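Please look at the sequence and the structure below, and then read the short report that follows.

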Amino acid sequence: MKYTVLAGAAALLAATSLSPVMADDIKQGGSMIVTYKDDVSTLDPAIGYDWQNWSMIKSLFDGLMDYEPGTTTLMKDLAEDYTISDDGTVFTFKLREGVKFHNGREMTAEDVKYSLNRVSNPKTQSPGAGFFGSIKGFDAVSSGEAETLEGVTVVDPYTVKIELSRPDATFLHVMAINFSSIVPKEAVEEWGADFGKHPVGTGAFSLEDWTLGQKLVFKRNADYWRAGVPKLDQITFEVGQEPVVALLRLQRGEADIPGDGIPPAKFLEVTGDPQYKDLIIEGGQLHTGYVTMNVKMPPFDKLEVRQAVNMAINKDRIVRIINGRAVPANQPLPPTMPGYDTAYEGYPFDPDGAKELLAKAGLADGFETEIYVYNTDPNPRIAQAIQADLAAIGIKAEIKALAQANVIAAGGEPDQAPMIWSGGMAWIADFPDPSNFYGPILGCAGAVQGGWNWSWYCNEELDKLATEADSMTDPAQKAAREEAWRKIFISVMDDAAWAPVFHEQRFTMRSERLGGPDAIFVDPVHIPVNYDYVWAKDVQ
Amino acid sequence: MGGYILRRTFQSLLIMLGISFVTFVLLYLIPADPARQIAGRSATAQTVENIREQLGLNLPFYQQYARYLAGLVQGDLGRSYLQKTEVGALIWSRLPATLLLMAGAIVCELVIGLTMGLIAALRRNTATDTSLMVLSFIGVSSPQFVIGILLLYVFAVQLGWFPIGGYGTFRHMVLPSLTLGLLGAGWYSRMMRSSMIDVLRQDFIRTARAKGLRRWQVLFGHAFPNAMLPIIAMIGIDIGLFMSGIVVVESVFGWPGIGQLAWQAIQRVDIPIIMGVTLVSAMAIVIGNFVADLVAPLIDPRIKLR
């Protein structure tokens, strides 16, 4: 039944032609209040990398590429057009003319070059620097030998050429992530390390006021190059509000969007109330929660044992434990990700079959092991459910509930954590491309000390296929590339490196006075909300 | 007097140094890797190494501590790992809210505590006395997050008299001040009661009554000021009590003070902020005690500073 809900959501996502979003008859004006629990850390696009500032940065800055609102479909943003060389290593971007930064200066190709150099420079301490590894000359900049990327050249004020050291089919996605936002050199140099508190971009909104620890006010960029966008005149972000308080305020009409979503404690109450039926929005996330099994630690070196674990876990029950805020998973990729295999059925829930597999592996009497888990709710409860499921086939798993950093550290050691439940630390894609779900968490590159491949699964054959898939840069090969990735992830499942458990769904709410298609309130890329396209009903 | 102040100042500085050392050691021992945290999950090993070097996290412990102290004497509390802002600026911008909340709490605890204590003392060993003391006992022993959420639920959510958390107007201030002040009010009512009972037994009270003063004149002119003495000394010490309370109260009410800053930093292991807030709080406690000691002889000449 969960699958039908999901299929419906996916169809809706695909069918959203966005004509209602782009419609010209929606008047600009009005304002909204968005609340968050934590302080906003920074609005520097080279540094910001959390749930809260991700979409704020997208509203303040633009990159060469972006995604159509509410979807995972790439579209041109500051790039008016681009060409890709036949071998897929040279990208030439033609920039829009007349785009102005919030300080009034026109954005040119020099700014693109400056921004890419800045984010790659180790002095910037960008957590996203690694995404630019395919640009020619990155290694020299990264090691401090060079200040500028050899591969980035300004052809003329409105043309920039980027040469890669290897074909990279994900490069357009890289140009769409926040880290490649275009920033003006003079503002960065003026504010130095405090640029994140005084952001200047080309985005739909500009930062008008920031009272530390209290609120931020975004004002509509009247000179924004995209006509009719954004819809609102002003957005106020109020910080320091617990999700439960935020929800109460929304119910009393004091706030419009709870940025942290509907808190678990209130979930059943709110979703069960007919008054809020039309205001609650559900959306998919590019997220998978999984159990890793360290293939370097016996008995998980045996395929049958890993398969048995896959068959022992009752995923439906785990989804019920978290009040149905997820859909069961049978493969690493989330359903909204290109390359997801809708025909694949995965391992069935079959404890008897699992016991047979254990017997085949010579472990008919079971064995003792440990499962590491992040110690905040609901993760320990989920681990207990997995523990009970494993006990039913004779595996006695001791739960090690630890702080997040400790679990991550244990996973990064080759011989410490036999099993890890990934909840609370799990992979959410940086961009909607299947390759982002492979390299660091399932590829050989991630199976290193301090890495994120906690299964320590390293299949060189698959790594080769992955490299091949990422070399298919021709847009005409899109389908072939997705097919290649589909095969890779199904092979991973054949080897049972993970036991995928569920894909989290996002639930949020909006006040009655806000308009806009549901998809932008649970935007898969502009997380959590695509602020640029929200409109106010009271000014229509 | 001058010598006393000098000696106390020196002692205070030593205490601060000790606190900074202990906090630094504790935070150093936390098994989290700040460099990896800043670098994020997509970072390469080289990026992590670069960050570690830039922050001096690869240095031995004593050098890291020396660097921190060197910054500290210049008034530099460092830069937040996650907020990427000067810790000093973050604390400074949030200090007014915290001070305002504390002032509100002091008013609440004095008004409520002294009134309750006074009534209880005058109605000693009656049902009024007993019920007031039970109330004060509840005030002292209830966790603040319970009181806070309870007040929020009843007066903000159900009755709608006050806003549900936030900051800005007098109405925003009432519930958090009350929550923070109730604990002290409990203590004060008990202290006031016993101190008042004590004073009322004194000879000078009987003399005052005997020379024909009215009951309320005796009460407020003679008894009350004397009963207040031990309590005034307490207010300074209270600041320490508040410092632990604000972390909870500010988080419950979304009050933008340094307690909330500390709570967010603890959750995200933002070490420079935790360190900074700890030092500022410790300083507030040290200064609070110091001032209380200085003020005591001004109020009661029998106390001498040595």
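## A residue in a helix of chain B

N289(B) lies in helix α12 of chain B, residues 271-299, where helices are DSSP runs of H or I with at least four residues, numbered from the N terminus. This is a predicted model, in which local features need pLDDT of at least 70 and side-chain atom pairs count only at pLDDT 80 or more, while totals for chains, interfaces and linings use all residues. Residues are numbered from 1 along each chain as its sequence is written, and chains are lettered from A and ligands numbered from 1 in the order in which they are written.

Leaving aside neighbours within four places in sequence, N289(B) is in contact with G236(B) and I237(B), contact meaning that the C-beta atoms, placed from the backbone, lie within 7 Å. N289(B) and D238(B) are 51 residues apart in sequence, and their C-alpha atoms are 8.9 Å apart in space.

## Two helices of chain A

Helix α16 (residues 460-470) and helix α17 (residues 478-494) of chain A pack at an angle of about 160 degrees, with their axes 9 Å apart; axes are lines fitted to C-alpha atoms, for helices over the stretch in contact, and angles run from 0 to 180 degrees between N-to-C directions. α16(A) and α17(A) are therefore roughly antiparallel to each other, a term for angles over 145 degrees.

Note on methods
Parallel < 35°, antiparallel > 145°, perpendicular 65-115°, else oblique. Contact = placed C-beta atoms within 7 Å.
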